[in-house]
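Have the sequence and the 3D view ready.

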Amino acid sequence: MKNLKSFYMSLSVIERDDFARRCNTTRAHLTNISYGLKSCGESLAICIERESGGVVRCEDMRPDVDWAYLRGT
């Protein structure tokens, strides 16, 4: 399991653009989130987990949200 920054920075610029598009955001916004300059909304955290194939988890991006409740665990 990786954090967003290590996962995202391991992608090429073209892959970052594609990843951002699939998450309905921009490469710049994801870069800001990965460097801690912006916070990640809950819906974006879900998209990032889905589009990263579970490599980046919601819990790692937003530890303040009760994901265990939502996951039923």
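How far apart are the mean positions of the positive and negative charges of the protein chain? They lie 5 Å apart, for 11 positive and 10 negative charges. Here Lys and Arg count as positive and Asp and Glu as negative, while His and the chain ends are not counted. Each charge is placed at NZ of Lys, CZ of Arg, CG of Asp or CD of Glu.

Keep in mind that this is a predicted model, where local features need pLDDT of at least 70, side-chain atom pairs count only at pLDDT 80 or more, and totals for chains, interfaces and linings use all residues. Residues are numbered from 1 along each chain as its sequence is written, and side-chain values use heavy atoms, leaving out hydrogens and water.

Side chains of opposite charge can pair when their charged atoms come close. Call it a salt bridge when a side-chain nitrogen of Lys or Arg is within 4 Å of a carboxyl oxygen of Asp or Glu; the count is then 11. Here are some of them:

| Pair | N to O distance |
|---|---|
| Arg 50 and Glu 51 | 2.9 Å |
| Glu 59 and Arg 57 | 3.4 Å |
| Arg 62 and Asp 64 | 2.7 Å |

Arg 50 and Glu 51 also belong to a salt-bridge network with Asp 18, Arg 21 and Arg 22.

What about cover? Buried means under 20% relative accessible area, exposed over 50%, and partly exposed in between (1.4 Å probe, protein chains only). Arg 62 is buried at 15%, while its partner Asp 64 is exposed at 57%. Arg 50 is partly exposed at 48%, and so is Glu 51 at 23%.
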